[in-house]
Amino acid sequence: MGILRDQLYSDKVLAVLREYGSNAWDAHRDAGKPELPIKVTLPTAMNPTLSIRDYGLGLSPDGIFKVFTQYGASTKRNSDNSVGMPGIGSKSGFAYSDSFTVVSHHGGSKRTYVAVLDPTEKGVINLLCEEPSDETGIEISIAVRPNDIREFTQKAHGLYKYFIPNPVINTTLPKIPPAQATLKHGVIYE
């Protein structure tokens, strides 16, 4: 975990936004909902919490424990439509903070977990509560230090303007420049 926290991500704020945003984007593709935008709630002075929500399939309790506690555990190994795959992005919250919350809507239940670095610097995840739910998907929430709120907003502007579709987000994203070249799997911008 020390490598993740101190060496893997040089920009911890951008890593959290990118990894959880990409995971949410991938979840929509896996669920056959590529046109559905993810939801991003950026931290504010009144609510200093970053929240990234998808409406994909969600994860079972076993899936949560595998994905959020084991390095190399990925739900995307057999997919050609996913951004991620190595199985480390789901732990990127630990690069910024000692804890974060995961809410999984899956199988008729909403389960809320807290992921925490224990004294040995190993990430552990604990179930806090479970209740009925007719929704699906995952929501990741991370408390943000007040001095970092502006940085989260600025970096979200630079990142999420390129997501197609743009996320539902509590800010106005800048427009992207016109495409300079269209490729089979994307575009190149100047």
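# Questions about a predicted model

Colleague: Which ring does the charged end of Arg29 sit over?
Modeller: A charge sits over a ring if NZ of Lys or CZ of Arg is within 6 Å of the ring centre and within 35 degrees of the ring normal. The charged end of Arg29 is 3.5 Å from the centre of such a ring. That ring belongs to Trp25.

Colleague: What kind of model is this?
Modeller: Residues are numbered from 1 along each chain as its sequence is written, and side-chain values use heavy atoms, with hydrogens and water left out. Local features need pLDDT of at least 70, side-chain atom pairs count only at pLDDT 80 or more, totals for chains, interfaces and linings use all residues, and the model is predicted.

Colleague: How many strands are there in the protein?
Modeller: Helices (H or I, at least four residues) and strands (E, at least two) are DSSP runs, numbered from the N terminus. From that end the elements run α-α-β-β-α-α-β-β-β-β-α-β-β-β. The helices number five, and the strands nine.

Colleague: Which strands stand at the edges of the sheet?
Modeller: Two strands pair if DSSP finds at least two bridges between them. Seven strands form an open sheet with mixed pairing, in the order 5-4-3-6-2-1-7. Each edge strand has a single partner strand, so one side of it is left without a neighbour in the sheet; these are strand 5 and strand 7.

Colleague: Which residue of strand 5 is the bridge partner of Val116?
Modeller: Strand 4 (residues 109–117) and strand 5 (residues 123–132) run antiparallel and are joined by nine bridges. They form a hairpin with five residues between them, and Glu121 in the turn has a positive phi of about 70°. Across this pair of strands, the bridge partner of Val116 is Val124.

Colleague: What is the bridge partner of Thr41 in strand 2?
Modeller: Strand 1 (residues 39–41) runs antiparallel to strand 2 (residues 49–53), with three bridges between them. In strand 2, Thr41 is partnered by Ser51.

Colleague: How far apart in sequence are the parts tied together by the pair of Phe65 and Tyr113?
Modeller: Rings of Phe, Tyr and Trp (its six-membered ring) pair if their centres lie within 6.5 Å; planes under 30 degrees apart count as stacked, over 60 as edge-to-face and the rest as tilted. The whole structure holds six aromatic pairs. The ring centres of Phe65 and Tyr113 are 5.8 Å apart and their planes at 90°, so this pair is edge-to-face. Phe65 is in helix 3 and Tyr113 in strand 4, so the parts tied together are apart in sequence by 48 residues.

Colleague: Is Tyr113 buried or exposed?
Modeller: Phe65 has a relative accessibility of 33%, so it counts as partly exposed. Tyr113 has a relative accessible area of 1%, so it is buried.

Colleague: What is the angle between the planes of Tyr160 and Phe163?
Modeller: Tyr160 is at 0% relative accessibility, so it counts as buried. Phe163, at 11%, also counts as buried. The two form an edge-to-face aromatic pair, 4.9 Å centre to centre, and the angle between the planes is 75°.

Colleague: Which residues does Glu19 touch, not counting residues up to four places away in sequence?
Modeller: Glu19 lies in helix 2 (residues 12–30). Its relative accessibility is 18%, so it counts as buried. With contact meaning heavy atoms within 4.5 Å, Glu19 touches Tyr9, Gly89 and Ser92.

Colleague: How far apart in space are Pro177 and Tyr162, C-alpha to C-alpha?
Modeller: Pro177 is in the loop between strand 7 (168–169) and strand 8 (179–183). Its relative accessibility is 27%, so it counts as partly exposed. Pro177 and Tyr162 are 15 residues apart in sequence, and their C-alpha atoms are apart in space by 9.9 Å.

Notes: Buried means under 20% relative accessible area, exposed over 50%, partly exposed in between (1.4 Å probe, protein chains only).
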